[in-house]
Amino acid sequence: MFDVLIIGGGVSGMSCALVLGSAKNKSFVTDKKIGIFSHQKSSSLQDALFNNAYGIPAGKLGSELLSESIEHLEKSYPHISQIPNEKVLRIEGNSPDFTVITNKNSYKTKIIVVGIGSANTFAIEGLMQYVIPHQKALPEKQRIQLQNNDHKVADGIYVIGTLAGWRSQLSIAAGSGAAVATDILTLWNNGTQTHAHDSIR
C-alpha cells in the first residue's frame, strides 16, 4: 500500500515527488511509502526549449530536464519508488483505499496525485466525470482539466499542472506540484501547516 502515488513524470509530477522526497527526515514522513509513475514519452517537454524559466540556464532543452529530473529523484531520494513504462488506465475505490490499474499491474494507495497534461486524449477511467474544458487555454486547442478546488478533485485525489487548469509555463507547473506536496505534508502532519526546505545553516 502506497501512501501517495503520483501519476505523471513531467514538471508538476516530478516537482511534487521532489518536495515529498526532501521531507524524508520529518517524523511524520519517515514511514510513508511514496511512488511516481515516471512515464514521460508524451510530455510536452520533449520538444521544449527554455530561455525564460527561473533557475534554468538559457537554452536548456525540455528533453534534458526530463532525464535529469529522473536522475535527480533517483540519486537524492531513492526511497521514492519510480514506476517507469506503465500507463494508468483506471482508478477504482475511494479514499483512503484506491486501486490504480495500469497496462501491466495494479497498485493500492491512500492518495492519488494526477499530473499528466491537459490533452483531450485524457482517458483514465474513474476520473472522466471530473473532466471539463480548460478554463485558461484557447478554445481551439481543445484542452481539458479536472474540476478541482485548490488542486483537490475529491477526497484523496489531487490534480496538478495544466490538468489542474493552470497555464502551460514550466514555473507554474512546478509550483503547482510543489503546492500539492506541501498540502500532503500538512495532511500527514495532522493539519499543521508544513513545507520542506533545505538549508546551508
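The following legends describe close-up views of a predicted model.

**View A. The cis peptide bond between S95 and P96.** S95 and P96 are joined by a peptide bond in the cis form, with omega at about 0°. P96 lies in the loop that runs between strand 6 (88-94) and strand 7 (97-102).

**View B. Q142, a residue other than glycine with positive phi.** The phi angle of Q142 is near 55°. Q142 is placed in the loop between strand 10 (131-133) and strand 11 (144-146).

**View C. N190, in the segment after helix 3 (170-188).** Although N190 is not a glycine, its phi is positive, at about 55°. N190 has a relative accessibility of 74% and therefore counts as exposed, the cut-off for that class being over 50%.

**View E. Composition of the lining of the second largest pocket.** Helix 1 supplies six residues, the largest share of the lining. Sorted by class, the lining of the second largest pocket contains 13 nonpolar residues, seven polar residues and one charged residue.

Technical notes. Residues numbered from 1 in each chain as written. Predicted model: local features only at pLDDT ≥ 70, side-chain atom pairs only at ≥ 80, totals over all residues. Heavy atoms only, no water. Helix = DSSP H or I, 4+ residues; strand = E, 2+ residues; numbered from the N terminus. Buried < 20%, exposed > 50% of the residue type's maximum accessible area, 1.4 Å probe, protein only. Nonpolar A, V, L, I, M, F, W, Y, C, P; charged D, E, K, R; others polar.
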